[in-house]
Every structure is written in C-alpha cells, then in structure tokens.
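Here's a quick tour of a few packing spots worth a look. Have the structure open as you read.

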Amino acid sequence: MVQEMGKEKFHKSQHWGFCNNVAMLVAEDKPGIGGEPLPGQKLKPEYSVFPKGMGSDAPAWVAFDKQVLSFDAYFEEEVPDKNQELYRIRHCKIYFYLEDDTIQVIEPQVKNSGITQGTIVRRHRIPLPPPHEDQFYTIDHFNINIEVILYARRYKIIDCDQFTKNFLRKMGVRLNPPADRPDDPYTKERQKILESMKPLRPYERIDTLKQFLEHDGQVLRFFCVWDDPESMFHDPRELVLHYYLSDDTISIKEIIPVNSGRDAVPLFLRRDKLPKYAPTGLYQPGTITSRTVLNVFGKLVGNRGRYILDNRKTGAVHQEFYRDSDLKIGAVINVWGRKTILCDCDEFTKEYYRTKYGIEDFTPVAYKAPPPPKPEKTFPPYTGFGSEEDSLCSCMGLLLKPPQKDFKKFMEKDRSGMESNILRFLAKLVTDSPIDKDRKFIISYFLSDDTISIFEQVQQNTGLLGGKFLERGRIKKPGQELFKSEPSEYFKAQDLFVGARVCFHGHNFLLVDADEYTFNYMEKHANEFSMADIGIILKKLKDAAEPRSREIRQVFAAADPEHSKVIEYEPFRNLIASITDGAFSEHEIITLGRYYSEREEYEMDLHFLLAVAQEQLKKNSFENFEQLSAVFLYNDREKRGALPYEMCRTICKSFKLPLADDDLQALLTMFEDDHKQVEYKKFVDGLNWRENQIPAFQTIKSEDDSSGQPPSLPVKGIKYLPLLDDLFGKEE
C-alpha cells in the first residue's frame, strides 16, 4: 500500500485472447498494472529514444519536423547470364526521418545506365531482419561504415552529410571512419573503351552554350536613322536596332509615324548576323559552312579521297559580321547597302558599354528638328450662364462632362469622428451703422470643399432675427472682372485668420476670434498657415526686436512688478504690438501667446462627466447596474473593492455601455486609487442614474466684448522669460 501512494494509473493490459477460437496468451511483451513493467520484463521502445535534458519537450513530430538524416550507401546486385559483368555496384541514398522513424531509399539517376532508377524503397517504417522482425529500425541502428539489411538486401553505409554527423554526435554515437566508395567495374570498363575510341568523321567542337547561358535575354537597343535617298522628300526613317548578346545577331524594326502613308511591316530586318561588307555576290550551296575539310590524297589512290579536318580553315570563305564592339553612338553601319547612323541608346546599353569597354560619352546625335511648341489653348470669356467651371468644361471637348470635384481631398478632409475639419471664426461687420456694429457672426470654412457659410448669432432686444446669413458655397474674392477667360480666385483657408478683413458679397467682416479646434488645427498644420507657424513668427519678431534687446528685456521686467516671471495676456499683447509697430496680426500674437502660455494640468470635472454619462445611459435605457456590480464583485477574488483598469474596461465593453471610449477611459481613470486600481463600487454608483441622478448643466462662454478687442486666452498667464531666451539668447 505504501508503494501505491500517489499512484494514479491502475489500468491492466490485455494478455489473454482468442486465436482460432482457442484461448491463449497473445501479448507477452505488454506491461503490467499502470503501464509498469512486470518483474524481470524489459520493454522494448517502439520508436527512437532521445537523451533527456537535451532540446525541447515537444513531441518528436513537432521537434524534428522536416529534419532528415542522409546516408550515402551502395549495394551489390548480381548479374546472371552475362559474361561482361558478374555483379553491379549501385549507389543510393538512405534517408531517415526523425519525426516518425520512417526510412526511404533513393537511387540517383545515371545517364545511359539502362536501369530503372529512382525510389527503391518508399518511405515507411522498415522492420528488422529475422529473428527480430517484430521490431523496427530506429536511429540507434545507423552509423558510418556498417551494413544494414532492408528487405533481404544488404546496404553498405559509407558516409553521411554534416548535419547527420553533428546529430549523431549529440546522441552520443561514436562515428566510424568513412569507407571507400567502390566503382562499378563494368561502368569503368566502358569508360575506358569510350575514351580509346576515335570519331569516324572529322569533328570540331563549336561551343556557343556558355555565351547563351551568360547573356540569354540581354539585348542592346540603339535608336537609328536612315536617310532614304530614293524617297521623294528625303525624309529620315527612324529605326530601332536590337543586338542580341546571346548569339551576336541583329534585328531592326522601323518606327512608322502616324499618317505617314507607309505600310506597316513587322520588321525592317529579320534577326540574323549582319555582315559588314554586304551586299556581296552569291555563293554556291555548301560554300559557307561552319567546318571545312581537306582531301589529303585527292584522286591519286583509286579515286578514293582521304579527308581530315581543316583546323586553319584555309579554304573557308571569311565573312566579317558586326559585333558589339563595332556599335557605338555616332557610328555608321552598313545594313545591306543602307547607311544607318546610330543616334542614341537605352540605359541598359549605356551601362553595358560603361562596364565592358569603359565608355563614358553617350552624347546623342541630333537627327531631327525639335517638335514645334504646342499652341497655347485659349478659352473664350465667361458668358454668365451657369458656373465658371461648368462653362469651362464645354470648351474642353465635344462631349460635355460635368466639372470634376477633388474627391481625394473630400475623403481626407470630411468629418470623421471628433475631427470636424471645419474652421470657425467669430466676426463682426465693419460698418458705421450703429445697428450693425453689435451684430456677431459665425463664419464656418469647410476644408473638404473650400466652401463658406455664415450664421448670425441671435441677440435679444435688437430687432434682428439672426440665423442663416449666407448659404454654404464658394465665395469669390472681390475686385475681379466677371466676364473673363481666366478662372476666378476664391477664398482659401489661408485667407481667414484672427484680425483679417474679408469682403463677402459686399459685406466687410473683421474676424475677431476663433474656436479652440481652429487654433489647434492651424498650429498643427503650420506649413499651410503662416499665421500659426511659430518659427516664422519668432523670426519676424527677432528681426524687429534684436537691435533693442536690452530695452525690451527691461520693458518685460517692468510689466512684471512681482517678479513672478508670468504676465497677463493683455499687457503681453500691447508689448508685442508696440515692439512690431502693428506689423503683427492678432492671430500671430495669439499664436505666440499660446506657445509660451502657462498651461496647468487639465482636470476634468467629475460631476460634469458623470452628468454626461448618465444622460447617455438614460437615452439608451441602460439599467443593468445590479448585474454590472455583480460581475465586478465576482472578478474581485480578493474582495479588495478595486480591480485593474483593463479588467474594468473589458467588463464595461462586455455590457455594451453606450459611452464613448474617451469618456469611459476618463471616468475609469478618475475612480483609480493610489495603487492604480479602479474602485468599481463608486464607479457603478456614479453611473446609476436611477438612484444617484446628477442634474446636467452647460457651460456658456460669455462674449461681452463689443469693442472689437480680442478676448483673453483661456490661460492664466504667459511665461516671457523663455520667449526672451529664444529671441536674444540666455542672459548671462
């Protein structure tokens, strides 16, 4: 009983069974209870056993996937009924697959062997020879310079590859020295016979395979011109010459201009070797051959000739053909009697001659006059019917098409989530009328299509209705002629900034303020808006203030009597305006103040966030607060009343809380304790609009400024010391 403590397996192996309806012992090698061997029993492993503590613990089919041991071997095959050979040596490869102990034997193909070669033994597990046919070959049965018997055929292993040697050494196998590779006696004898034989006819090896393999697919291209003397107008004929490096052949194609009246032929010269001195006389058949022979005896001995190969080609007809060394820009080649000038070549050809011949001058030869400039297309003036763009499309072609919109810009600048891509400015009318002076307008510029809309703010007891003042659309800049050929200029986003004066359809507006999104967008895209580029603003301010650096430092110090290193926006604006003599716009001063402003850490109002969240939950009829609290309590295994942030966020997402990601993230962050754990009970109680309802409220921005002065920034002050250091350097 003590030995069986902690034991979990008690299954028994089936040792007895029936064979031909006779009860008998059928499994002597099976283990005992729980898979343990019986007393005196040694279990034989079915697969290869690898040493423990080496490699990974993954199964063999994963750890040894695509890993194969390769052995070089041979076997002797008897050849009966043949006197020339009594046996045959056949070399083969033995592959041992480590993943499942399977073996495959393959014989490499030998040219003209006359034997069916390839796979000798397909891949499978091979049993050992008798009397151990109940076992299979494992990795322990393989080594160098040993013999293995596979299905009664004896294989001699002579060597293996480097991977196999390294693997067997790691397994602890002591490798034997490699054995010699025997040659097949019959194959060796036949090789001697072939080497001693002489060809029955003159033979000269002409090897063009190397040139073909090195330069196949490589073509030199030249642009040529041929001045046809037989042409009526002696106009030049443009040609394209291709030189094939694989076999030194040339083909020429003609470039036929449009409406030239010439027939379109596929090739001017078909691909072939081009002789230098063509045309020549006709040769008799058989005169031009790749080899020549000499008749040694002539007809002296019984009218029978004795021919040998003419290595010096004394009787051959010599022809010179164009090679790549003969082709260069400016050269004149003979194309069967037609003088053709090589004028230019492509980049591959230039690189080829630069690499092989060291040529660097590839100045093209001018062979035709430059084309005349295209006449500038002039458009008639605008007629006044329809839009200018629509009227201009009627002059572009016979088929009328509507003007194309910038769809890419529309997709990039259209409203997407929290990005409205709308610049909003607060404006007032520039007029002497006392009634219109106090009117306030919201000018919205839509970046997606460059349109502008204007709304008037409703003010009580003014007698003005307010509302839509100008329909959304593109607005032309004033002072342009109406009926003209050039397209009109429209207001762009760069024309609108705080302090700008714009005229929309005869109404003059002064832009006095902008919303936070507009300031942030213009500062983010400072390369498009120079009024919000802090680099340009600092450079302009430095050029204007550098001669008076000491005086300006004293003026800023006088504006800070308490030495707090911070001044309010209003004195800061007056100082910058006096330094620049009014050259800076209000938007530039605001950008400068925002850049050097004293920004405190932004604290979200918890009650405002909870009020907004409860309003969203109430609109979507979410009331599962008890289930939400129960899930939080279930995940709190230690009952500490707090859970990690990510777990709380996952639970809220599983309940599909109708809250935006930013609002949910801010709420969870506000309910975190000192250990960055979310107190989920307070979080759920704050969201429960049934029991702990928080009244919603709104923050209204007061706009009492009717004097035209820009409102102060939503910051407490501006740090002027960093500004002075950036302008004049740090004061010693």
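Leu628, Val631, Phe632 and Asn635 in helix 15 meet Met647, Cys648, Ile651 and Cys652 in helix 16, where contact means heavy atoms within 4.5 Å. That contact splits into seven nonpolar residues, one polar and no charged. This is a predicted model, where local features need pLDDT of at least 70, side-chain atom pairs count only at pLDDT 80 or more, and totals for chains, interfaces and linings use all residues. Residues are numbered from 1 along each chain as its sequence is written, and side-chain values use heavy atoms, with hydrogens and water left out.

**Helix 15 and helix 16**
- The two helices, helix 15 and helix 16, pack at an angle of about 145°, their axes 11 Å apart (axes are lines fitted to C-alpha atoms over the stretch in contact, and angles run from 0 to 180 degrees between N-to-C directions).

**Helix 18**
- Tyr680, Phe683, Val684, Gly686 and Leu687 of helix 18 (residues 680-687) are buried (under 20% relative accessible area, with exposed being over 50%, using a 1.4 Å probe and protein chains only).
- Those buried residues fall within an arc of 160° seen down the axis of helix 18, so they line one face of the helix.
- Lys681 and Lys682, on the other side of helix 18, are exposed.
- Among the partners that the buried residues of helix 18 pack against are helix 14 (606-619), helix 15 (625-635) and helix 16 (645-654).

**Asn334**
- Asn334 sits in strand 15 (residues 332-335) and is buried, with a relative accessible area of 8%.
- A polar atom of the Asn334 side chain lies 2.6 Å from the backbone oxygen of Ala278.
- Not counting residues up to four places away in sequence, Asn334 touches residues including Leu274, Pro275, Tyr322 and Lys339.

Note on methods. Helix = DSSP H or I, 4+ residues; strand = E, 2+ residues; numbered from the N terminus. Arc of directions from axis to C-beta. Nonpolar A, V, L, I, M, F, W, Y, C, P; charged D, E, K, R; others polar. Polar contact = N/O pair within 3.5 Å; in protein donor to acceptor, adjacent residues only side chain to side chain.
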